[in-house]
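Colleague: Please take me through the strands and the helix packing of this model, with the criteria spelled out as we go.

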Amino acid sequence: MNSIVHKTLVVELQAGAADRFPVLAHLSYEPSDPFAVTVVFSHDGRVLARWQLDREMVAEGLVRPVGIGDVRLRPESRGVGRELRMEFLGEAHADGGRHHAVVFAWAETVGAFLHETRLTVPPGCEEVRVDDFLADVLTGN
């Protein structure tokens, strides 16, 4: 049986033009949803945000800019290390603007997590149980 892959890492949330502060990112991958990676951001025991991302999009974001919607990823270099820059656009404000967050994670750590997910379910071997999904939808589960 395939197992769930978890990884918790410290990432940096950009506040303002240049300031960053640390938050936790809890990455998880479940073979039952083989195309998705879930990331939960937390600080001081409080959940700040939860996003479900496409696994291959995250992998591509480590090497080139991807995303044109609510999630945009791209590699960046900072000093001696490479980072994954993750930009998230959320719900609209009353003034017409949108919630906006930029988070930076060490690319090597994200890459190691993705490697573990690929050992669990290799790309091209994802199995989607459409019949089970439709049965759940039709029964209201």
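Colleague: Over how many bridges do β2 and β3 pair?

Modeller: This is a predicted model, in which local features need pLDDT of at least 70, side-chain atom pairs count only at pLDDT 80 or more, and totals for chains, interfaces and linings use all residues. Residues are numbered from 1 along each chain as its sequence is written, and side-chain values use heavy atoms, with hydrogens and water left out. Strands are DSSP runs of E with at least two residues, helices are runs of H or I with at least four, both numbered from the N terminus, and two strands pair if DSSP finds at least two bridges between them. Ser28 stands opposite Thr38 in β3, and β2 and β3 pair in the antiparallel sense, the number of bridges being five.

Colleague: Which are the edge strands of the open sheet?

Modeller: The sheet has seven strands with antiparallel pairing, in the order β4-β3-β2-β1-β7-β6-β5. Each edge strand pairs on one side only, which identifies β4 (46-54) and β5 (71-78).

Colleague: Which residues of α2 are buried?

Modeller: Buried means under 20% relative accessible area, exposed over 50% and partly exposed in between, with a 1.4 Å probe and protein chains only. The buried residues are Ala107, Val110, Phe113, Leu114, Thr117 and Thr120.

Colleague: What arc do they cover around the axis?

Modeller: The arc is taken from the directions from the helix axis to the C-beta atoms. These residues lie on the same side of α2, because the arc that they cover is only 135 degrees.
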